[in-house]
Structures are given as C-alpha cells and as structure tokens.
Amino acid sequence: MNVPSTAPAKSPLFPCSRRAAIAFLAFAIILAPAFSPTAAPQASTIVTLAKIREAWVQDLRSKQLEPILRFYAADAVFLKPTGERITGSAALRSLFQTIMATFNSELTLHSQNLETSGALAYDSGDFQETLTTIATGAKITAKGSYIIIFKREPDRSWRIVQHVWTGTPPPGT
C-alpha cells in the first residue's frame with residue numbers, strides 16, 4: 001500500500017521548523033547567564049568585598065595606616081561604640097593613628113550578611129577583639145556587632161562610606 005507522504009503542517013504560531021526552534025532555545029539558554037544582571041557580577045562583588053574586609057582586619061593588626069585609610073571614601077563616617085561620630089579623612093587618620101599607637105589589636109570579624117544592590121553594599125556581623133595596651137601590656141577584650149556600608153566609586157572600586165561598631169566599648173577607647 002502506497003501512502004503519499006505529506007510534510008507536517010507548519011504551526012501558525014511558530015512558522016519556523018522544530019529544529020530551528022530547538023537551536024534558538026539552546027542558544028538562549030547558553031547566553032542567559034551573560035545577560036543576568038545579578039548572577040556573576042554580584043558573586044564577584046561579594047568576593048571582592050569579603051577580601052576588602054579581611055585586608056582591613058590585617059592592616060589594623062599589622063598597623064598599616066595608609067593602606068587602611070585607602071579603604072575609606074574621603075567623606076566616610078566611623079561611628080564608635082560610644083556613639084561618637086568621626087567624619088572625613090583627617091579625622092579617620094587621627095583615630096587610627098591613636099588606636100595604632102596605643103594598642104595592639106587581635107580583631108576577628110564574623111560576617112553574617114554581605115549583600116549588594118547597585119552601587120551600594122553592606123557587610124554586617126559580629127566582632128571579637130583583644131586589645132593589648134602597648135604602655136602597660138594590659139589586655140582588654142571587647143565584643144559586639146559591626147556594619148560596614150560600601151559605595152562603588154566612579155572608578156569601579158569600593159570604598160567604605162559608613163562604618164559602625166556596637167557593643168560595650170573597652171575602657172580607655
């Protein structure tokens with residue numbers, strides 16, 4: 001029995017062939033991550049900010065004044081546990097010079113949240129610190145919470161614009 005072969009009817013909704021449609025979908029799936037606004041860039045930003053946090057801690061421990069100051073925007077604000085507001089590069093320089101001249105720090109930060117949204121990001125968590133007074137060798141322990149707010153600069157770098165410490169301040173700080 002001879003049955004005449006007929007080509008399948010083309011769908012009025014999809015005038016292209018099934019093979020072309022599958023190829024298009026495969027291509028779209030392959031390219032989707034490249035056009036995702038949050039996937040890869042946000043992950044790399046979070047890694048960058050975590051590295052900044054760790055470098056900041058290392059610079060404080062090793063008393064690297066200039067490198068630590070470079071993490072801050074020119075108009076950055078540092079809020080001490082006492083509620084005192086330190087604003088701007090000159091005031092931050094004075095704060096860190098005093099801390100580094102007075103204490104040796106063993107600071108540990110435990111990040112709880114590190115998130116980004118556009119040109120802003122924040123890192124929030126807990127800290128524990130042992131300060132050793134250089135003049136006397138006395139040890140002071142402190143713990144509390146912190147939040148660091150970052151802003152992306154026009155050169156695409158991230159700078160700290162707000163830095164907040166909570167908790168009971170160690171005596172003499």
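A salt bridge is taken here as a side-chain nitrogen of Lys or Arg within 4 Å of a carboxyl oxygen of Asp or Glu. In this predicted model, aspartate 123 and arginine 53 meet that criterion, with their closest N and O atoms 2.8 Å apart. Aspartate 123 belongs to strand 4 and arginine 53 to helix 2 (residues 39–61), so the contact ties together parts that are 70 residues apart in sequence. Aspartate 123 is buried, at 0% relative accessibility, and arginine 53 is buried as well, with a relative accessible area of 10%.

Arginine 53 has a further partner in glutamate 54, where the closest N and O atoms are 3.2 Å apart. Glutamate 54 is partly exposed, with a relative accessible area of 40%. The structure holds 5 salt bridges, and another of them joins the side chains of arginine 61 and glutamate 106 at 4.0 Å, N to O. Since arginine 61 lies in helix 2 and glutamate 106 in strand 3, this pair ties together parts that are 45 residues apart in sequence. Arginine 61 counts as partly exposed at 31% relative accessibility, and glutamate 106 counts as partly exposed at 48%.

The model contains an open sheet of 6 strands in the order 2-1-6-5-4-3, with mixed pairing. Strand 2 (85–87) and strand 3 (103–117) form the edges, each pairing on one side only. On average, neighbouring strands of this sheet are turned by 20 degrees against each other, direction ignored. Helix 4 (residues 89–102) packs on the sheet and touches strand 1 (72–79), strand 2, strand 3 and strand 4. The direction of helix 4 makes about 60 degrees with that of strand 1.

Within the sheet, strand 3 and strand 4 (residues 120–133) pair in the antiparallel sense over 14 bridges. Leucine 109 stands opposite phenylalanine 127 of strand 4. Strand 4 also includes threonine 130, which counts as partly exposed at 26% relative accessibility. Leaving aside residues up to four places away in sequence, threonine 130 touches Asn104, Ser105, Glu106, Lys139, Ile140 and Thr141. Glu106 in that set is the residue that forms the salt bridge with arginine 61. Threonine 130 also lies 6.4 Å from alanine 142, C-alpha to C-alpha, although the two are 12 residues apart in sequence.

The chain averages a pLDDT of 85, and 73% of the residues score at least 70. Over residues 31–39, the pLDDT is below 50, and this stretch has 2 contacts in the model beyond near neighbours in sequence. Where pLDDT is low, the predicted coordinates should not be read in detail. Helix 2, the element that carries arginine 53 and arginine 61, spans residues 39–61.

Key
Residues are numbered from 1 along each chain as its sequence is written. This is a predicted model: local features need pLDDT of at least 70, side-chain atom pairs count only at pLDDT 80 or more; totals for chains, interfaces and linings use all residues. Side-chain values use heavy atoms; hydrogens and water are left out. Two strands pair if DSSP finds at least two bridges between them. Helices (H or I, at least four residues) and strands (E, at least two) are DSSP runs, numbered from the N terminus. Axes are lines fitted to C-alpha atoms, for helices over the stretch in contact, and angles run from 0 to 180 degrees between N-to-C directions. Contact means heavy atoms within 4.5 Å. Buried means under 20% relative accessible area, exposed over 50%, partly exposed in between (1.4 Å probe, protein chains only). pLDDT is the predictor's confidence in each residue, from 0 to 100.
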